[in-house]
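Please work through the exercises below with the sequence and the model at hand. Each task is followed by a stepwise solution.

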Amino acid sequence: MASIADYYAGKSVLITGATGFMGKVLVEKLLRSCPEVKALYILVRPKAGQSMQQRVSDMMKCKLFDRVREDNPDFHQKIIPISSELTQPGLAISPEDVEKLTACINIVFHCAATIRFDEPLKHALQLNVIATQQLLSLAQQMHHLEAFIHISTAYANCNRRHIDEVIYPPPVEPKKLIESLEWMDDGIVRDITPRLISDRPNTYTYTKALAECVVQQEQGKLNIGIIRPSIVGASWQEPFPGWIDNFNGPSGVFIAAGKGILRTMRANNDAVADLIPVDVVINLTLAAGWYTAVHRPKSVLVYNCTTGGINPFHWGEIGRYIICHHVMSTFKRNPLEQAFRRPNANITSNYLINQYWILVSHKFPALIYDLYLRLSGQKPQMMRIFNRLHKAIGLLEYFSSQDWEWNSENMSMLMSQLTPEDRKTFNFDVRQLNWPEYIENYCIGTKKYVLNEDMSDIPAARQHLRKLRNIRYTFNTLLLVFIWRVFIARSQMARNIWYFVVSLCFKFLSYFRASSTLTN
């Protein structure tokens, strides 16, 4: 049987969402590990003020492609952009381009989707369901199509606690929902959305479940595979550790914690933080494309691409790996520039304790800092930043406070089908993942690739943290003096309690010194 790289040699591949985070990694991996691939056709949406060609050119200048650029400086010649718009009929692909694609495409990777949790239902339905329908319709016209791989999410069925590698019945028939919402205005749809999504937390997970149903309906006509990644994070190994290019999901949380803005977060301490590195997802995706095309399974194979059941990593104090500890320690060794406060976040599952820390550690310092900005003639901004942070954290709370069990038998089966060489080149064995090392690389990646900070400026950033520490000590000392003057100095009972506590401390210190002397 041909290796994965040999299979993709001479093939023409269509990729949607290629300018997004996962899409870019998929393009890079195909070009680097399957150098004989014939062409990569990518659907690109022209943006206001930026042409399709400019978007693709900017993408290829990204540091992500440095390794490919070294091996093949002319790699861009294999990338063929196709103008497209997912919200338009027929994906707004011109008749000439449709003819070109139907004549040559061998594999389709459908990565495009809106990943916003608070997307209005109509828009999420258009991007995640209707666009998938239209791409499937286009795929059925392709004369040489061998595999159609759809990227879903492990949380498409998050209303269940145990999730097998099967497509579950949809919450509603997609066609009926689409027809019903067509005549409704946005206000009506917004009002009925909570009842429609029912026990799912947002429109993203709801529409991704509907999209899986739409894909399943075509299983008799196409060779289809579905990849369900959990929370996709920075790269683990490829093309280099820690590559990330966005603030989504854990990246924004890590940056907020590193900047000293995020001081508290509500999560279940013993819940698994089911992070999955982006290169693991892409390696599995390419392997699934190969397997689907070569073996042609009779039904849709679903791959739950998760870590929780294989190599768990916890949010808080329970378990072997503690996400909060590793993030804080990394950012103290490699601090972010111009931090608001020293990194020091805590995780709690208690709502009231979390609200207390939000008030004390978030809102109160933000008000003081905004007051300082007003007095110095600047525009206040910290309260606005904290409000945005609280909204983002609130959207993540559902996923950080619960646990799921994902079956991953198909993922294990696929791994067993690979040659030893392919297991190295397209590694998706998360048992090998070292979490402390990965989290450190992830945090450094947010500093280097998201915030574009220079690692040579770390000494200055450490000096800034020392300055913040001194400011905190000074503030705490002044606060203690203020409390003494206002409360303790005016009450005989308070003074007696204070003197009793201080005397106990001195006795303890004297005992400790005496014990140390006798031991020596």
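The exercises go from the conventions and the overall fold to one residue.

The model is predicted: local features need pLDDT of at least 70 and side-chain atom pairs count only at pLDDT 80 or more, whereas totals for chains, interfaces and linings use all residues. Residues are numbered from 1 along each chain as its sequence is written, and side-chain values use heavy atoms, with hydrogens and water left out.

**Exercise 1.** Determine how many helices and strands the protein chain has.

*Solution.* Begin with the definition: helices (H or I, at least four residues) and strands (E, at least two) are DSSP runs, numbered from the N terminus. The protein chain then has 19 helices and 13 strands.

**Exercise 2.** State how the protein chain is divided into domains, and what separates their centres.

*Solution.* Take the bounds from an automatic or database domain assignment. Domain 1 comprises 4–240 + 273–312 + 404–429, and domain 2 comprises 460–519. Over C-alpha atoms, the centres of domain 1 and domain 2 are 57 Å apart.

**Exercise 3.** Locate Thr153 and decide whether Thr153 is buried or exposed.

*Solution.* First, find Thr153 in the loop between strand E5 (147–151) and strand E6 (162–163). Next, apply the cut-offs: buried is under 20% relative accessible area, exposed over 50%, partly exposed in between (1.4 Å probe, protein chains only). Thr153 counts as buried because its relative accessibility is 3%. Finally, list its contacts (heavy atoms within 4.5 Å): leaving aside neighbours within four places in sequence, Thr153 is in contact with Tyr204, Lys208, Glu212, Ile227, Arg228 and Pro229. For the protein chain, 51% of the 520 residues count as buried.
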